[in-house]
Each structure stands twice: as structure tokens, then as C-alpha cells.
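Me: I have a chain open and want a quick tour of the fold. Can you walk me through it?

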Amino acid sequence: SPCAYVGSLDMDEARQCPYVRSLEMSLLGTIHGFYLKALAMLPSYAARHHVRGILLAGHCYGPMDPVSNIILSTVWYDANFPLPVADRGTQAHDILDTLTMLRVVTSSLHGLVALLHANSGKHLPLHEILKYLCYRKCDLATMLQPYLHRNSPNPFASAAAAARHPQASAWATFLSSLAPTKLDQIRSLMISATANNTAL
């Protein structure tokens, strides 16, 4: 149950509460599951190719469901910021071990928290944000619909910054520029792959 720190707006102070820590741990486990689903949806040759993109920029916040957001962000990053040709031959193979996965999962959670902070228009206590993320299973697509195509502020800018996205500004601009028809096409592709349990 909540403790004395639970209503604190100071994130470090709020994290001293076991209740807040348990919410965070639950969310980290949920988000880790999204990454496993995303990897399963990519063809095996593509999954190997996109490991770098997943580790650096494959975040689960965005205009679609978390798994679709991970795939979209990974493919976008690899397409727009490929490894320089000179580095490709000597590149060590990336490994999806527990530490590297924890880092990207934690980055995604920070992005989700920042996105809710930015869209709430007020300072919500951390435990309220975490409870909402648990309730929504980290899927903010419906909540974000009214904010997607307004001129400013960009709802994804603070999320990308909090998640330490390597190209935060470009990623936030890309997300806010996606036309509704393009989002529908991407959603349809993802839903079809999920429903048929097939790789993209």
C-alpha cells in the first residue's frame, strides 16, 4: 500500500516508497514482454539486422500500441541513421542480454512517464502515472489521439528526451508528422501480423 512518500512530486523521493517501486517493477516486466513480442514479429534475418536499432532507439511510447511502437522506432532509426559503412565490417554483434534489455526497457518507461506528464498539463505524482500505465498496459494510443496533429507543443518531444533517444528531436518530429492514413496503414499491418501470429 502507499507510504508517506507516495504523493511526492520529487521522483527520487517517490521512488523510496515500496509501493512505487513495485509499480515500476511490474511495468518493467510488462515492457520487457513487449520487446519479446516485437522481436518475435520481425523475421529472423531482420531481427538480427535490427538489434542495434532496438538497443539504441527501440522505444515503446508512441501513437500506436507498445509493440508496434517498438517496431516502428527500430525500423525508423535503422533506416535514417544506419551504421557508417566503414564501421559495418568491424562491428561486434550486439547481444540482447539482460543488462542491455533492462537499459532499453527502462528508457521506454521513462519516455512513457514523461509523455503522460507532458499531456496532463499538471504535475501528477509518480504513483498516479505508474498506476495509470499499469491500468492501460502502457498503451497510450487512445489517449494521444487528440494531441497527434496539433502544431505545438509536440507531445513526443519530452518523451524522447526523457528516454534519451539518440535522435530525440528527429524522432519526435517524425511521430508528430505521421498522417492519420499512414498510421492506419501501419496499424493494419501490425494487427494482421499479430492476429495471424506471423512475422512481418
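**Fold and packing**

Reply: The secondary structure of the protein chain comes to 12 helices and 0 strands. Helices (H or I, at least four residues) and strands (E, at least two) are DSSP runs, numbered from the N terminus. This is a predicted model: local features need pLDDT of at least 70, side-chain atom pairs count only at pLDDT 80 or more, and totals for chains, interfaces and linings use all residues. Residues are numbered from 1 along each chain as its sequence is written, and side-chain values use heavy atoms, with hydrogens and water left out.

Me: How much of the protein chain do buried residues make up?

Reply: Buried residues make up 43% of the 200 residues. Buried means under 20% relative accessible area, exposed over 50%, partly exposed in between (1.4 Å probe, protein chains only).

Me: And what share of the contacts join residues at least 24 apart?

Reply: Among contacts between residues at least 6 apart in sequence, 71% join residues at least 24 apart. Contact means heavy atoms within 4.5 Å.

Me: How many residues has the largest nonpolar core?

Reply: The largest nonpolar core has 53 residues. Such a core is a set of buried Ala, Val, Leu, Ile, Met, Phe, Trp, Tyr and Cys residues joined through side-chain atoms within 4.5 Å. Those with the most contacts inside the core are Ile31, Tyr35, Tyr61, Leu109, Leu112, Leu130 and Leu133.

Me: Which helix supplies the largest share of this core?

Reply: H2 does, with 11 residues. Helices that each supply at least two residues include H5 (66-80), H7 (98-120) and H12 (180-196). In soluble globular proteins, nonpolar side chains tend to be buried together.

Me: What does tyrosine 35 touch?

Reply: Not counting residues up to four places away in sequence, tyrosine 35 touches Ile54, Gly58, His59, Cys60, Ile70, Met101, Val104, Val105 and Ser108.

Me: Switching to helix pairs. At what angle do the axes of H2 and H8 cross?

Reply: Roughly 35°, and the axes come within 10 Å. H2 covers residues 18-41 and H8 covers 126-136. Axes are lines fitted to C-alpha atoms, for helices over the stretch in contact, and angles run from 0 to 180 degrees between N-to-C directions.

Me: Left-handed or right-handed crossing?

Reply: H2 passes H8 in a left-handed crossing. That label applies if the near helix is turned anticlockwise from the far one by less than a right angle; clockwise is right-handed.

Me: Which residues make the contact?

Reply: From H2, they are Tyr19, Val20, Leu23, Glu24, Ser26 and Leu27. H8 brings Leu126, His127, Leu130, Lys131, Leu133 and Cys134. By class, the contact has 8 nonpolar, 2 polar and 2 charged residues. Here Ala, Val, Leu, Ile, Met, Phe, Trp, Tyr, Cys and Pro count as nonpolar, Asp, Glu, Lys and Arg as charged, and the others, Gly among them, as polar.

Me: Now histidine 50. Where does it lie?

Reply: Histidine 50 lies in the loop between H3 (44-49) and H4 (51-57). Histidine 50 is buried, with a relative accessible area of 10%.

Me: With which side chain does the side chain of histidine 50 make a polar contact?

Reply: That of aspartate 78, at 2.5 Å. A polar contact is a pair of N or O atoms within 3.5 Å; within protein, one must be able to donate a hydrogen and the other to accept it, and residues adjacent in sequence count only if both atoms are side-chain atoms. Leaving aside neighbours within four places in sequence, histidine 50 is in contact with Leu42, Thr74, Val75 and Asp78.

Me: Is threonine 74 buried or exposed?

Reply: Buried, because the relative accessible area of threonine 74 is 1%. Threonine 74 sits in H5. Beyond its neighbours within four places in sequence, threonine 74 is in contact with His50, Gly53, Ile54 and Gly58. The C-alpha atoms of threonine 74 and glycine 58 are separated by 4.6 Å.
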